[in-house]
Amino acid sequence: MARASDNAVPPPEVAARALIRGAKEAMLATVSASGQPFASLVTPAAAPDLAVLLWLSQLSGHTRHLMADGRCSLLFVGAAAGPNPQKRPRVTVTGVAERVEGEEAASLKARWLARHPYARLYADLPDFRLWRVVPQEALYVGGFAMARRVPGSALRPDATAVAALTAAEAEILDHVNAEHADAVAVIVRRLLGRAGRGWRMAAVDVDGCDFARGNQVARLAFPNPVQDADGVRKALILATRAAREAAQNMGES
């Protein structure tokens with residue numbers, strides 16, 4: 001995951017959101033019927049409002065736990081910057097898991113699959129269901145002895161901005177993929193360090209956007225949360241300029 005041309009240290013809530021949105025995996029802690037804590041590896045995706053989406057099999061132990069008691073926590077861990085694991089940025093989110101039903105299940109399932117395209121092979125198996133965990137509180141650790149508690153109200157993005165981006169997302173994706181494939185290519189290659197042709201923008205939210213190519217996904221984090229489609233446009237312009245400058249510095253035409 002990369003940020004679009006900003007070296008400033010973000011506030012804890014913004015850094016925590018970046019970890020959650022950029023995660024391909026997380027540790028889920030549930031409570032069994034006997035009260036025994038249980039931890040397992042899951043593959044999350046973040047909804048536009050930052051609710052954590054989980055595509056879970058009803059055959060799994062953690063799913064049975066959540067069906068009986070939705071209280072849970074999730075640990076998201078960033079990349080290590082050195083030999084000490086305690087210096088890795090991380091965020092623990094607490095909340096209550098619930099099944100996603102009705103009309104919104106299809107759109108949120110598509111959001112989850114945008115982060116995990118390989119899962120299309122089993123996404124329609126009858127024992128799988130979509131779950132959602134709305135963050136109630138978070139503990140963000142930016143490194144060794146750098147812990148900050150973040151209430152859910154501060155962690156979650158602005159609801160008005162979320163609604164504006166959700167309404168505009170399909171049009172943004174169509175426009176970028178149809179008209180700016182060259183910008184996508186240079187951003188993915190020079191800012192995100194990914195090779196290959198045919199990358200496309202797969203999702204966008206107030207904190208960044210996801211690009212996909214086959215089963216590969218790369219995320220670009222915006223320097224600051226955006227409020228609307230125009231904010232996305234400006235963030236992508238900055239990212240494209242930074243990527244093209246990096247390409248020129250490497251001798252690319």
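Reply:

**The second largest pocket**

The second largest pocket has a volume of about 340 Å³, a volume being the space filled by probe spheres set on grid points that are joined across faces, edges and corners. This is a predicted model, in which local features need pLDDT of at least 70 and side-chain atom pairs count only at pLDDT 80 or more, while totals for chains, interfaces and linings use all residues. Residues are numbered from 1 along each chain as its sequence is written, and side-chain values use heavy atoms, with hydrogens and water left out.

A pocket is here an open set of points on a 1 Å grid over the protein atoms alone, where a 1.4 Å probe fits, with protein on both sides within 12 Å along at least five of seven lines, and lining residues have an atom within 4 Å of a point. By that criterion 17 residues line the second largest pocket, and His175, Val176, His180, Arg233 and Leu236 lie nearest its centre. The lining divides into 11 nonpolar, three polar and three charged residues (nonpolar: Ala, Val, Leu, Ile, Met, Phe, Trp, Tyr, Cys and Pro; charged: Asp, Glu, Lys and Arg; polar: the others, Gly among them).

Helices H5, H6 and H7 (229–249) each supply at least two lining residues (helices being DSSP runs, H or I, of at least four residues, numbered from the N terminus), and H7 gives the most, with seven.
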